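Hi,

Here is the structure I promised to pass on.

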Amino acid sequence: MTPKPNSAKKEPSSGKRPGSGTRLEKISDLSRKELKERARKFSGKFSVGDGDGFELKKYRTDPDIDLGPEDKPLMQQTLKTGVAALAELQDKLYAHDRWSLLLIFQAMDAAGKDGAIKHVMSGINPQGCQVTSFKAPNPEELDHDYLWRCQKQLPERGRIGIFNRSYYEEVLVVRVHENILHAQKLPENLVTKDIWKDRYKDIRNFEKYLYHNGTKVIKFFLNVSKEEQKKRFIERIDNPDKNWKFSSADAKERSFWKDYMKAYEEMIRETSTKESPWYVVPADNKSFARIVIVSAVIDALVGMKLSYPEVTDDKLAELQEIKKALLSEKH
Ligand code: ATP
Ligand code: MG
């Protein structure tokens, strides 16, 4: 793999582009410990910890290194190492039983949310992890505030929760299609021009509240290009095994691309915080996106300074006694 020469992709207007200079070789042959350290640096390039002045156009949808078919084994190996490191950390998270981690995935259709969740979490113990997919709210959900249905699915201490879409739809699809907002049965005098600002603030405060109570929230926007989405839609239409994944609604939402990008940009600007950053993940290359995500999850877990509960001397002595008794059993 070679660094990409002047890519045809849009250049950032200023500053260093996230991902620039990244070489995958550097995170492939590492020990788990080194990987954890390197993961921080790698994922950091894509994280938005302070949303002030955030501009989506400064973030690429493709990795800025050429990744050909010959790089596939290396990518797979890197992901495998990351997944194994993640599994170890999850075990510690569970044993430590203080923190929980909530991963939120948001993206346009066919950006690869499902595949990313499947691959990144492939080494995770299912007992310590729960995935929830949020679709359009049902009548019961519409009878409550919009966080209600999400709150019920928050991860317990020691566990990882994954939201495949989330309360962020409330400032995305609901913003792009205001008729959805009007169907939400809110008191009319609360639906003002400030409603989006209010929602950003409520979400920021909600995530702050969760953090203060031991739930760390990190958010992934899978940043796919409009061209790549088109390619994936056509693949879904051409491949009978993928037909089920495509709906005419997906094509309809595509026609609102610009509105969605504006909504995503403002959402990231308004809801990125140090404790709950957004990661703007280049998603045109699925394997690369998965490596970025696994790195970010490792980074979040490493930051929790997890440890296995300490075993007291008394407990150790007791264990030795039990072992002795087991070994001296006659049959
Ligand atoms: P995939 O298409 O890959 O199976 P998906 O996440 O797109 O996964 P769908 O069932 O196609 O799943 O879509 C869910 C739909 O529900 C999306 O169009 C999303 O915008 C919509 N949705 C989610 N939350 C809300 C909400 N709060 N209000 C309105 N629509 C919502
Ligand atoms: Mg869909």
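Let me start with K305, which is exposed because 10 other C-beta atoms lie within 10 Å; the classes are buried for 20 or more other C-beta atoms within 10 Å of a residue's own, exposed for 12 or fewer, and partly exposed in between, with C-beta atoms placed from the backbone. K305 is not a glycine, yet its phi is positive, about 50 degrees. You will find K305 in the loop between α12 (286-302) and α13 (313-327).

Some housekeeping: this is a predicted model, in which local features need pLDDT of at least 70, side-chain atom pairs count only at pLDDT 80 or more, and totals for chains, interfaces and linings use all residues. Residues are numbered from 1 along each chain as its sequence is written, while chains are lettered from A and ligands numbered from 1 in the order in which they are written.

Overall, the protein has 13 helices and six strands, which are DSSP runs numbered from the N terminus (helices: H or I, at least four residues; strands: E, at least two). Its radius of gyration is 22 Å, close to the 20 Å from the globule rule for 331 residues, so the protein is as compact as a globular protein of that length. That radius is taken over C-alpha atoms, and the rule is 2.2 Å times the number of residues to the power 0.38. Buried residues account for 32% of the 331.

The six strands form an open sheet with mixed pairing, in the order β1-β6-β5-β2-β4-β3; two strands pair if DSSP finds at least two bridges between them. At the edges are β1 (47-48) and β3 (129-133), each pairing on one side only. β1 runs antiparallel to β6 (residues 278-282), and two bridges join them. S47 has Y279 in β6 as its bridge partner.

Helix α2 (residues 72-96) has 25 residues and should span 36 Å at 1.5 Å a residue, which agrees with its end C-alpha atoms being 36 Å apart; the expected span is 1.5 Å times one less than the number of residues. Among the buried residues of α2 are M75, L79, L86 and L93. D97 follows α2 with a positive phi, near 60 degrees, and sits in the loop between α2 and β2 (100-107). D97 counts as partly exposed because it has 14 C-beta neighbours inside 10 Å.

Best wishes
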